[in-house]
Amino acid sequence: MKAIINGQTVELLQGDIAEQRVDAIVNAANSRLAGGGGVDGAIHRRGGPEIMQETFARYPNGCPTGSAVISNAGRLDARYVIHAVGPVWSGGARSEEQLLADAYQRCLELAVEHDCHSIALPALSAGAYRFPMDRAARIAVTAVADFLKQHGRPELVRFVLFDAGAYGAFAAAMEELER
Ligand code: AR6
């Protein structure tokens with residue numbers, strides 16, 4: 001599925017984010033940048049140790065929730081990995097929605113600052129961090145649309161969703177946005 005927002009392309013794909021060929025791949029990291037399962041596991045497994053070596057050296061204090069940091073992409077087919085830290089869902093009263101939107105916005109800012117024309121994004125927080133998928137999808141799609149309306153870059157934003165459920169939630173959120 002594809003949409004054009006302010007002249008730029010937003011697309012949805014079901015697949016593995018670590019296999020994408022784009023300028024920047026976004027990782028669903030934790031605030032210690034310590035590695036883990038899900039997206040994080042796939043990226044470090046396929047990308048190799050160079051990524052962790054750089055994040056360890058450049059960001060010894062990790063990254064706060066709702067923000068992101070950038071590193072090399074090791075052996076991945078990308079120039080950069082952007083490590084985003086989404087919130088852990090704990091009911092919605094702890095600014096989870098704002099923090100999730102902030103994390104996406106920071107990813108896009110870093111991508112533009114590093115002259116990335118294309119970026120692949122996962123469903124941040126919607127796995128181990130238990131954010132409800134429908135809400136996570138609405139926030140993700142809205143954050144990207146807002147950024148593109150304001151900045152007109154990057155040219156391609158690709159959400160890479162792991163399963164049909166996530167894909168369906170993002171497709172519904174995109175349709176809602178277009179109405
Ligand atoms: N490609 C695309 N999407 C994926 C992939 C993949 N290879 N693998 C899983 N997903 P998660 P979070 C989906 O848990 O919720 C890690 O341990 C998954 O089905 O990766 O932000 C980190 O170190 C779900 O829909 O990220 C952190 O500690 C979505 O990606 C913590 O998990 C996000 O799931 C971060 O949790």
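At what angle do helix α3 and helix α4 pack, and how far apart are their axes? Good morning, colleagues. Before I answer, please note that this is a predicted model.

Helix α3 covers residues 96-113 and helix α4 covers residues 133-151; they pack at an angle of about 40°, with their axes 9 Å apart. Angles under 35 degrees would count as roughly parallel and those from 65 to 115 as roughly perpendicular; α3 and α4 are therefore oblique to each other. Their crossing is right-handed. On the α3 side, the residues in contact include L100, Y104 and L108, while those of α4 include I139, V144 and F147.

Helix α4 packs with α5 at an angle of about 50°, and the two axes are 8 Å apart. This pair, too, is therefore oblique, and α4 passes α5 in a right-handed crossing. Among the residues that meet here are M133, V141 and A145 from α4, with F170, M174 and L177 from α5. The contact of α4 with α5 comprises eleven nonpolar residues, one polar and three charged.

Finally, the ligand. There are 22 residues around it, of which D16, N30, D40, S125 and G127 come nearest. A polar side-chain atom of D40 lies 2.7 Å from a ligand oxygen atom. Thank you for your attention.

Terms used:
Residues numbered from 1 in each chain as written. Predicted model: local features only at pLDDT ≥ 70, side-chain atom pairs only at ≥ 80, totals over all residues. Heavy atoms only, no water. Axes fitted to C-alpha atoms, helices over the stretch in contact; angles between N-to-C directions. Helix = DSSP H or I, 4+ residues; strand = E, 2+ residues; numbered from the N terminus. Parallel < 35°, antiparallel > 145°, perpendicular 65-115°, else oblique. Left-handed = near helix turned anticlockwise from the far one by under 90°. Contact = heavy atoms within 4.5 Å. Near = heavy atom within 4 Å. Polar contact = N/O pair within 3.5 Å; in protein donor to acceptor, adjacent residues only side chain to side chain. Nonpolar A, V, L, I, M, F, W, Y, C, P; charged D, E, K, R; others polar.
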